[in-house]
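I opened the notebook to look first at how two chains meet and then at how one of them is built. The entries follow the order in which I looked things up.

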Amino acid sequence: MAQPRTLFQKIWDDHEIHDFKNGYSLLHVDRNIMHDLLGSLVFEPLDKRGMKMPNPELHFATQDHGIETETGRTDETKIAGGKAGVQGLRRKCKEYGITMFDLGDERQGICHVFTPEQGIALPGSTLICGDSHTSTIGGLGLLAWGVGLTEIEHVLATQTIVAQKPKTMRITFEGDVAPGVTAKDMILYTIGQLGAKAGNGHVIEYAGAAVRALPVEARLTMCNMSIEMAARYGMIAADDVTFDYLKDKPYAPKGELWDKALAYWRTLPTDEGAAFDREETIDATKIRPMITWGTSPQDVIGVDGRIPDPEAATSAEQKAYIERALLYTGLQPNQEIEGTPIDVAFIGSCTNARLSDLRAAAKVLKGRKVVDGIQAWCVPGSGLVKRDAEAEGIDKVFKEAGFEWREPGCSMCVSLGGDKFKQGGRAISSTNRNFENRQGVGVRTHLASPEMVAAAAVTGKITDVRKLAS
Amino acid sequence: MDEKFTTLTGVAAPLLRANIDTDALCPSRFLTRINETGKDGFGGFLFGDWRYEKDEKTPRGDFVLNQPQYQGAKFLLARDNFGCGSSREHAVWALKGYGIRCVIAPSFGEIFFNNCFKNLVLPLVLPEAQVEAIAAQLDDGGEVTVDLEAQTVTAPDGAAFAFEIDPARKEKLLKGLDDIGITMERWDEIKTWQDADRAKRPWNYLDAGQ
Ligand code: SF4
């Protein structure tokens, strides 16, 4: 019998054009997703060589990073150079024959949101994008990873990438999660347990019954934050949940091709007995609604927990680390985190701005009001998410509660555009990074699920969303 | 590409913190400026939030790169997980544009690490204790030398440390090879592979009548 292989290994083997025998391989890239930050710059090598792209039909583009998210937006950006990026990318896509979901197109949205939504990402394929959270898309059972601009130049010109083979790691969740615990809590808890460096050099496969039980959108949330453990790739094997999700999506195969694809996809999950370089287990029963207290996603506790005390640190380095984080976030050691007043509530980003996220937040918001003085925003992940949410009346729930309901884009996840929070304000955010200044100068970010963000918005402080369950 | 990386001698600046992320190396608000500056003009944005006061102009005296002994630094020393976070290659362009061609740290964020080689910047891995040993000699400035061929770093006091580097990446730096050009030499191999793959996974090719 053939050697048992992991999901990752099967995809790798089926995309390897050449093995350089030094740890690197030349891989075929099935999909490349581009955004406005690349502008026209990424096409320079093609232009210079007068080259044609071998497979423009395998490339897609959108505008998401630097654009504004206010109603009535245009190409104008408040950020210097943003408009040049938007227009440069548009011009080049036209020139090279690349499909773009542009401003004004219902399909426009955050790159990792529209890609699954359109069925552009398929199980068992390879996909790259110039954004580190491309790991998101691995939730559909493919190898998806973030790359730098120079690597994209190479993909445009050759449809291939030179990639170093990562080590494999499996994280298995044991037991069931408690009610009120989301995929965001699962992944935040995992990062807290394993640390922000744990996945360095690895591809992570998430497994276990609690993962299998997740719908596709939640799987995307989980894989999204793999990069916050320093893993470039996260993945969850495709199963019937995935296939149901993908069927009839615009770019998914149809008819006979679908059947053929399905038969292939079913061969991909990790074989019984396949070896991983590293195995970790997470006790899913221990996970509560999570919230970060510091300046790295690993600085995370349950919402019923207390802020760490540097004096209790086990090393001088750890002590300094906690002190520095607390200095920035302005929190007191040993305090309960619940009850910390907030200034800003943000629901958005490729981590948590899909329809299921907005539904979950709307459930909390319904019949409640955002506390006076709190800046509360909802930025749907794509035009389709926005449209579908509006069809269900979710926009009304948000607006009646006092949230701003905005146009799709990355917005305050990366704070590139004119979207700004109060300087130094305390934000609770459904995004993925709580780094210093990530959401604006001095802004102190607490990462949490959209439900937790909604709960904080209507109580004015960090609150255990389970207490608001209606 | 006409540039190469062989040896480098110059001032080294210690910034001994862990988890210095690419948002810190190049704050998000500068990313779109690439459309004005190109890859070479990004040095001014390096550590934008740490280097300057909130007015974005006045240098902060307490920041290492603003101290007189570290002017013209070509090396940066840091702790674990340097360059973690966002995939922005701008972080490397900012370092290189500023003049830093080598970062020495115990570990690096993977995408950043990869991006460095694409821009002929050397991310050099040394154990924490050796990073500390070199950093301890830098209070008054002092020059560090790296010899890529020999795989050694020499501290100001003359102590040399060996470092590991992937042979393929080493060769790329030494020769300054053009990635697209090299891959295009394999175009026939790529084409043959793709034709076979089309037969095997036709649904993957979107011109297959979907
Ligand atoms: S929402 Fe944030 S993490 Fe996601 S693609 Fe946009 S900038 Fe990147």
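The model is predicted, and in it I found 7 salt bridges between chain B and chain A. One pair that I looked up is B:Asp23 with A:Arg438, where the closest N and O atoms lie 3.1 Å apart.

I then turned to polar contacts between chain B and chain A, and the count came to 30 residue pairs, both residues being at pLDDT 80 or more. On the side of chain B that touches chain A, the elements giving two or more residues are α2 (34-37), α3 (48-51), α5 (110-118), α7 (167-175), α8 (179-184) and α9 (187-200) of chain B. Of these, α9(B) gives the most, with 9 residues. I sorted the residues of that side of chain B into 26 charged, 18 nonpolar and 17 polar.

For the extent of the contact, I noted 78 residues from chain A and 61 residues from chain B. The area buried between the two chains is about 5,700 Å², and carbon and sulfur atoms give 56% of this area.

Next I took chain A by itself, and listed 15 helices and 19 strands. Its C-alpha trace spans about 55 × 55 × 45 Å along the principal axes. The radius of gyration of chain A is 22 Å, which agrees with the value near 23 Å that a compact globule of 470 residues would have. I also noted that 67% of the 470 residues of chain A count as buried. Among contacts in chain A with a separation of 6 or more, 75% come from residues 24 or more positions apart.

Key:
Residues are numbered from 1 along each chain as its sequence is written. Chains are lettered from A and ligands numbered from 1 in the order in which they are written. This is a predicted model: local features need pLDDT of at least 70, side-chain atom pairs count only at pLDDT 80 or more; totals for chains, interfaces and linings use all residues. Side-chain values use heavy atoms; hydrogens and water are left out. Contact means heavy atoms within 4.5 Å. Buried area is the accessible area (1.4 Å probe) that two parts lose on being put together, summed over both. A salt bridge is a side-chain nitrogen of Lys or Arg within 4 Å of a carboxyl oxygen of Asp or Glu. A polar contact is a pair of N or O atoms within 3.5 Å; within protein, one must be able to donate a hydrogen and the other to accept it, and residues adjacent in sequence count only if both atoms are side-chain atoms. Helices (H or I, at least four residues) and strands (E, at least two) are DSSP runs, numbered from the N terminus. Ala, Val, Leu, Ile, Met, Phe, Trp, Tyr, Cys and Pro count as nonpolar, Asp, Glu, Lys and Arg as charged, and the others, Gly among them, as polar. The radius of gyration is taken over C-alpha atoms; the globule rule is 2.2 Å times the number of residues to the power 0.38. Buried means under 20% relative accessible area, exposed over 50%, partly exposed in between (1.4 Å probe, protein chains only).
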